[in-house]
Amino acid sequence: MKSPVSVLGAAAALVLGAALAHASVSVGQPAPDFQVKDINGKSQSLSAYKGKFVVLEWVNPECPFVKKHYDSSNMQATQKAAEAKGAVWLSVSTGSGGDASELASWVKEKGAAPTATLLDTDGKLGKAYGARTTPHLYVINPEGKLVYAGAIDNKPTANKADIKGATNYVTAALTEAMAGKPVTKASSEPYGCSVKY
Amino acid sequence: MGAVVQTEQVRAELIAHAPEGARPGKPMWLGLELEHIPHWHTYWKNAGDSGLPTTLTWTLPAAVSAGDIDWPAPQRLPLPPLLNFGYEGTVVLPVPVTVNDAFDGETLHVELRADWLVCQVECIPQSGTFELDVPRDRPTLTHSADFERALAARPVDVVKSTAVAIVNDGALQFEVRGLPASIRGRDALVFPELAGVVENAAPVTQQWIGDNWQARWPLSAQRSESPIQLPIVLAFGDQAYRVVTRVSGWNAAAEAGNQEVTSSAVTVSDLAPATAQVGLVTALLFALIGGVILNLMPCVFPVLSLKVLALTQHAGNRRDRWSSALAYTAGVVLSFLALAGLLIAARAGGEQLGWGFQLQSPATIVALAALFTLIGLNLAGLFEVGSFVPSSIASLRARDPTLDSFLTGVLAAAVASPCTAPFMGAALGAALTWPIAQSLAVFAVLGLGVAAPYLLVSAVPAIGRWLPRPGRWMETFRMVLAFPMFATVVWLTWVLGQQVGIDGAAALLLALLALALGAWWWGRRPETGAARVWVSVGIAALTVGAFAWASPTWRVAASEARVAAGVGGIWQPWSPDRVSELRAAGRKVFVDFTAAWCVTCQYNKRTTLADTEVLEAFEANKVALLRADWTSRDGVIAAELERLGRSGVPVYVFYHGASAPRLLSELPSVKEVREAVTAN
């Protein structure tokens, strides 16, 4: 016999779960468009970059896993390599905790070079893409299709030393997709701290 | 370094439980106790939407090995809209420890490096190094209450259950049968042991239909795994259970779904049967060939030698020879059918059995050893059968060599089963998935194959002229044949030793000694007189007593005996989880499904698998070597064999990346193994 509390709880879970489970995109599907302000106050959207490869990267300066890739300059190098090949790199910070100026100074301090840093304050962008961790990465091809979603690499640890021997899934996906080949590892389990919705 | 590491959020302590001291063959557990400050948590083996599980790296003496963490049932850690799985408050992560005979220290020095991710809102990766000394001669019971709690909090493995999950319309439909009656009707919290499959935070709709628990769990939108097995933990309040669900339907999902199947990351090919599905005609052909080859295997050979002897006795009479051959064939075929029938019936009843199952029982081994000892002693001339039975039956046997041949056929079938010839594995594996009629047909043809050479030879009319005339040489030949019989007894003793330990094996030898004494006396006892009665009674009592005294040692030992056998050095014990873990880490995996009573397995172990070229190839390619020992009954191994399309051992499986598991032949050559390992 189900108690009213558990029924209510189930209903709540259904609503919350639905928000993430049913709204987020799958690999191979068209990537959802968005309208989000960046740290300079400018409105950014996916459609503005149609015809180019776009990489979305979820960040959180406090997270040890983000620090792993930034303190080692791994993420910055990946960003520069992608942009050198003509891709657009959008860093995203989800949650009301993100302060525009703090984020901006962090980006500058780390020598990061994203095309833009987005402030997903209401969490809508995160939910549309199913972003769960920081870092969590997505690659969208010029036709607007999601071709990669998941971790930055195949070593789910917070240890900088593990970057050297790891396979960088984002670089691999970009290389393959840009060469017109199918992406071998189109989906991987992302690792990191939770995104703070 | 001590046994405790304290951080701002966590107090971690290395604890041990050794109720009989740290000694070989005695139970021992190590554990990491984590005490979290309020609202902070660490993670389960599958952390969920984010986070990382706690990892333990042990430094132990050479003769000691620690298993994987035996995770207590986790809690749900919601962080809407995300969901993680882990532990708040205090948790003990227990680890089983095996101490080998080689350990002779006074204390067992344990060193541990543990890494954990502790989070509240933010996450902090922490680690600690611990050391602890566990004495050998004193029990370590300081934390017995903690360990009791931790071990009780582990999900109970429901082995006698059937659990399946079918991919349907973007979700997994679970169906589990065989859960205990006490929890029927209750709702469960469900936890997947593998990440990257289901949408963790999505609501799981569940219901009970009779004794069937069903649930539906939406798949993750960005699913990265398509496993063929998904172990899940079902927590019904305080009591948690673990079932390994067999997953199917990924193929259909990939076609119907929006997911672009451009990558082998979607391991769709894993679902295809590892060997091409064998058709009926092919299976019959394989069974026939396999049966013929079985004659060359050491299992059948001792029995075959008996037949050769019988053949010489009938050299002159073609009719007798032919009817004897037919009787032998009938014996073999009908016995295979009976064995197959038993196997099918048992499996239908839910037993996890495979071909060769009769040899997983120590009782059968003892019975066969006793029988072969008697036959060997008879051949050697210690006693005569004529004097062993009342004269009326003896003359019956003399008059009816047909019955004798029939019984020899039965014996041949019973002992042939532990040997697996090439071709047989695939044929039998397929046969057991078919309807009864086709299944039995394959087994009958197998029997026919075994009997075929003898049948053909008997049919040749000229054989009478080729064989030497009966004469004195027969006596000598008969005695010589005793030795292969005794060799088989030695082998059976070794198998029993693997199953129940060295005490049981020695006890068997003593019991057989008593049996031999009894057989000798019965053959020589005087026709009349007091001595006849008293000595007979005494020796009979001795024989019965010996068996009775030995029988307690013939209980199947706990997993210690099995774990020690064949595992060690480069071979690790097999478990489905271990395979998934290693594959997830990107390693190549080679699994050897073996059993002590499987002669083909032992042969391969000592030849191909011990070959330097093969070992070098394994090392160069960093292949993880796992051994699954099926000497005694094991439902998990039986289920895995079935999933691979086989029903008996040996089975050699090679996993590489995301492609389908590759099965090697039953008698793989060095070339075959090396090719499989180095192929891409």
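Chain A of this predicted model has an average pLDDT of 89, with 88% of the residues scoring at least 70. Residues 1-22 of chain A have a pLDDT below 50, and beyond near neighbours in sequence this stretch makes 20 contacts in the model. Where pLDDT is low, the predicted coordinates should not be read in detail. For chain B the average pLDDT is 83, and 87% of the residues score at least 70. For the complex, the predictor gives an ipTM of 0.87 and a pTM of 0.55.

Within chain A, attention may turn to a pair of strands. Strand β7(A), residues 137-140, pairs with β8(A) in the antiparallel sense, over four bridges. Within this pairing, A:Val139 stands opposite A:Tyr148 of β8(A). The two strands, β7(A) and β8(A), form a hairpin, and five residues lie between them. In the turn, A:Gly144 has a positive phi of about 90°. How far is strand β8(A) covered? Strand β8(A), residues 146-150, is mostly covered, as five of its five residues are buried. In a regular strand the side chains alternate between the two faces of the sheet.

Among contacts in chain B between residues at least 6 apart in sequence, 77% join residues at least 24 apart.

The axes of α19(B), residues 612-620, and α21(B), residues 670-678, come within 9 Å of each other and cross at roughly 10°. Because angles under 35 degrees count as roughly parallel, α19(B) and α21(B) are therefore described as roughly parallel to each other. Which residues form the contact between α19(B) and α21(B)? From α19(B) come B:Glu613, B:Val614, B:Ala617 and B:Phe618, and these meet B:Val670, B:Val673, B:Arg674, B:Val677 and B:Thr678 of α21(B). By class, the residues in this contact of α19(B) with α21(B) are six nonpolar, one polar and two charged.

Notes. Residues are numbered from 1 along each chain as its sequence is written. Chains are lettered from A and ligands numbered from 1 in the order in which they are written. This is a predicted model: local features need pLDDT of at least 70, side-chain atom pairs count only at pLDDT 80 or more; totals for chains, interfaces and linings use all residues. A residue is buried if 20 or more other C-beta atoms lie within 10 Å of its own, exposed if 12 or fewer, and partly exposed in between; C-beta atoms are placed from the backbone. Two strands pair if DSSP finds at least two bridges between them. Axes are lines fitted to C-alpha atoms, for helices over the stretch in contact, and angles run from 0 to 180 degrees between N-to-C directions. Angles under 35 degrees count as roughly parallel, over 145 as roughly antiparallel, 65 to 115 as roughly perpendicular and the rest as oblique. Two residues are in contact if their C-beta atoms, placed from the backbone, lie within 7 Å. Ala, Val, Leu, Ile, Met, Phe, Trp, Tyr, Cys and Pro count as nonpolar, Asp, Glu, Lys and Arg as charged, and the others, Gly among them, as polar. pLDDT is the predictor's confidence in each residue, from 0 to 100.
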